[in-house]
Amino acid sequence: MDVRLQIAMVFHLDKCIGCHTCSIACKNVWTDRKGAEYMWWNNVETKPGTGYPTAWEDQSKYKGGWETNGGEPQLKMGRRSLRVLNIFHNPDMPRMDDYYEPWTYKYEDLFNAPEGADQPTARPISMVTNKPIDIKAGPNWDDDLSGSPVYAANDPNLEALTPEQREELFDIERLVFFYLPRICNHCLNACCVAACPSGAIYKRGEDGIVLINQERCRGWRMCVTACPYKKTFYNWSTGKSEKCILCFPRLETGQAPACFHSCVGRIRYLGGLLYDADRIVEAMSVPDDQLVDAQREMILDPFDPEVRAAALRNGIDERTLEACERSPVYKYVKEWKLALPLHAEFRTLPMLFYVPPLLPVMAKTDAGVYDSSNEELFSPIEKARLPMEYLARLFSAGNIDPVRLALKKQYAIRLFKRMETVGDMDPLVVKQALAEVGCSEAEAEQIYRLTSLPTVDDRYVIPPMHREEAMQMLNDDVLADKGEAGFGFREAPVRGA
Amino acid sequence: MLDNLFYIILPYAAVTLAIVITVQRYLKRGFTYSSLSSQFLESDELFYGSVPWHIGILVVLLGHVIGFAIPRQVLWFNGVPARLYILETTGLLFGLLALVGIVSLIVRRFTSARIRAVTSWMDVVVLLVLLVQVILGVYTALFYRWGSSWYATSAVPYLRSLFTLQPDLKMIAPLPMAVKAHILNAFIFLAIFPFSRLVHMLVVPIHYLWRPYQLVIWNGDRRKIIGQAPRPRPKTVEATVPVTGDTVAASRPVVTG
């Protein structure tokens with residue numbers, strides 16, 4: 001057993017209101033720079049939708065992630081001995097137009113325009129060329145299903161649905177959507193690390209944060225292709241790739257990352273997970289329908305004495321273990337089985353988990369009237385407007401069971417709380433509902449508390465990051481040992497000539 | 001007099017610059033070492049420029065290096081006419097490939113608005129020097145036949161005399177203007193090399209072919225931190241994911257340095 005610590009995350013989609021505050025916080029802190037204007041390390045997508053960059057989930061186009069083909073896992077972009085032939089031109093590299101061309105407005109014109117019959121306007125100009133452009137796309141052009149015949153209808157995940165289901169989904173009275181905020185997943189088996197020819201991308205041993213060493217990156221751009229979530233970005237000005245750094249300077253001082261801290265809906269949870277690094281290969285190699293279970297399996301119980309002993313042997317200290325015991329991520333992912341990885345079939349073992357959204361529970365209309373009668377206990381779940389196949393495609397590699405359990409459990413807890421607070425529920429029915437999802441009343445109460453009433457300290461249980469250990473290395477050669485930071489520079493980040 | 005400047009002083013100045021500045025830049029301004037790829041901004045035309053250019057110029061450059069390293073063997077090889085024709089034709093074809101590439105790259109750089117936005121003065125200088133060099137090379141290959149042989153008997157002795165610090169111009173003095181310009185331009189290329197994006201050729205990631213897929217970096221010395229660990233650990237980098245064909249067991253850490 002090789003116990004390691006990972007700073008992991010849970011996003012509770014039932015609470016996300018799609019306000020993009022997280023994106024703005026991140027943008028203001030990290031990517032408001034030349035060459036990075038188009039980057040959204042944190043972005044919020046509307047699902048169904050094509051997302052950012054457009055149709056990023058379609059790996060037949062982008063060639064991201066791992067594939068097994070029944071044998072040893074390989075990067076989908078191809079084995080590296082052949083891939084070096086693409087060094088002069090990467091055929092699977094997304095272009096700026098797959099994201100969008102960043103723009104600003106010529107605000108001076110509002111003041112400098114000569115007097116005339118018309119109001120002056122501020123024309124949009126490209127932030128790349130500084131020339132006027134026709135804006136054709138933006139990072140959230142498909143927000144709230146806008147332009148859904150173009151965007152939502154081309155969601156790659158709709159493949160999982162039958163033609164009838166698809167048609168129903170876009171029926172005018174049945175339109176349904178939810179938000180999917182995305183940041184780097186800080187994967188255990190990251191494709192960007194595996195694809196970097198320069199060896200500039202690495203995982204920090206102590207906390208699992210994946211960083212790009214800006215001084216070793218040579219701009220070969222293989223990480224951009226390899227990351228199936230398209231969360232490594234090429235800075236077209238400096239000629240280096242960049243990505244989410246999970247605000248490690250904030251984490252190291254005990255603060256939650258900017259996107260977490262600013263989250264209005266309080267949907268974000270962050271905490272430590274202990275995992276067994278010896279089982280990474282095993283967990284990434286199982287068939288699609290077992291991926292979620294395999295990933296849960298390799299996450300270790302911080303209360304288990306054997307795990308604790310192994311962790312201590314590996315240099316993980318008691319205070320960190322205490323933080324792992326209180327980790328909300330451990331509860332949502334492993335104990336309660338409510339949170340699921342996004343697109344587990346990419347096999348990168350992502351460390352950002354999502355609680356699938358319950359969505360409007362009213363299912364079908366009968367002659368224009370919503371049928372809210374619960375003839376069966378879980379009928380609102382089984383007959384939800386958004387077919388469960390769609391959620392399964394997103395959150396459990398096509399296997400419906402984990403998604404169904406997560407949804408039913410949330411629903412059962414709603415029934416339980418309704419019984420307590422409104423009092424119009426038959427206790428026997430509630431008992432039956434909880435029993436069916438294997439949830440005790442105590443657990444239901446805990447889930448309710450952490451979901452609805454969590455404080456900042458409940459949501460962010462940040463293990464001590466031990467900067468003092470890194471500081472000790474200053475006695476040795478710190479830069480040789482640690483590699484340079486994934487962000488921030490010891491020299492001006494000027495473009496090479 | 002001018003010959004002394006161009007073929008004795010300039011070469012030494014250029015080589016000194018190339019070495020000193022390259023090393024200094026790597027150590028002090030390592031951040032600026034990048035391929036500076038513009039594929040993100042424009043991809044389609046790049047294919048028809050970058051790929052022929054790199055393949056063409058690498059083969060031609062390899063030819064120059066081989067001729068310099070083993071001139072006698074090249075002369076022996078060229079002793080049979082058929083082999084000489086094959087060698088010369090190959091060189092010319094790859095030279096033309098490089099020419100097509102560099103012309104496409106230049107056209108692309110000046111016609112695409114997005115690419116112009118990331119074009120520095122040094123990019124223009126580099127492209128011009130390379131264009132002149134390839135044109136002179138192809139011209140020489142076409143009009144001064146059997147260069148692979150006379151290169152070995154005239155230019156190579158001169159280049160070697162530079163290496164032994166006893167510059168000797170008599171072998172290149174009688175060469176045609178185009179050839180002498182080609183040599184001169186090569187030294188100019190060397191002189192601008194450390195100041196330009198060309199340094200990317202020094203950081204070609206050959207190591208990638210055998211390094212482990214996953215990299216993990218720890219604070220400090222891992223062995224000290226896990227004093228009584230049941231098994232030895234690598235200092236900074238270890239593999240957690242095997243590659244097909246790797247003989248390394250899946251879960252065993254691998255020391256990679």
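**Close-ups of chain A and its contact with chain B**

**View 1. A parallel strand pair that crosses from chain A to chain B.** E8(A) and strand E1 (residues 216-217) of chain B run parallel and are joined by two bridges. Look for Arg204(A) here: its bridge partner in E1(B) is Ile217(B). Keep in mind that this is a predicted model.

**View 2. The contact between chains A and B.** Chain A puts 56 residues into this contact, and chain B puts in 53 residues. On the side of chain A that touches chain B, the elements giving two or more residues are helices H3 (80-83), H7 (191-195), H11 (280-285), H22 (467-472) and H23 (478-482), along with strand E8 (201-204).

**View 3. Strand E7 of chain A, buried from end to end.** Five of the five residues of E7(A), residues 178-182, are buried, so the strand is largely enclosed by the rest of the structure. Side chains in a regular strand alternate between the two faces of the sheet. Here, Phe178(A), Leu180(A) and Arg182(A) point one way, while Tyr179(A) and Pro181(A) point the other way. Arg182(A) is buried along with the rest of that list.

View 4. To get your bearings, find Lys47(A), whose bridge partner in E7(A) is Phe178(A).

View 5. Which residues are the buried ones? They are Tyr390(A), Leu391(A), Ala392(A), Arg393(A), Leu394(A) and Phe395(A). Their packing partners in chain A are strand E14 (340-341), strand E15 (352-355) and helix H18 (400-421). Just after H17(A) comes Ala397(A), with a positive phi of about 50°.

**View 6. Stepping back to the whole of chain A.** Chain A has 23 helices and 18 strands. Its radius of gyration is 24 Å, close to the 23 Å that the globule rule gives for 497 residues, so chain A is as compact as a globular protein of that length. The C-alpha trace spans about 75 × 75 × 45 Å along its principal axes. Of the 497 residues in chain A, 49% are buried. Among contacts between residues at least 6 apart in sequence, 69% join residues at least 24 apart.

Methods:
Residues numbered from 1 in each chain as written. Chains lettered and ligands numbered in written order. Predicted model: local features only at pLDDT ≥ 70, side-chain atom pairs only at ≥ 80, totals over all residues. Buried ≥ 20, exposed ≤ 12 C-beta atoms within 10 Å, placed from the backbone. Helix = DSSP H or I, 4+ residues; strand = E, 2+ residues; numbered from the N terminus. Pairing = 2+ DSSP bridges. Contact = placed C-beta atoms within 7 Å. Rg over C-alpha atoms; globule rule 2.2 N^0.38 Å.
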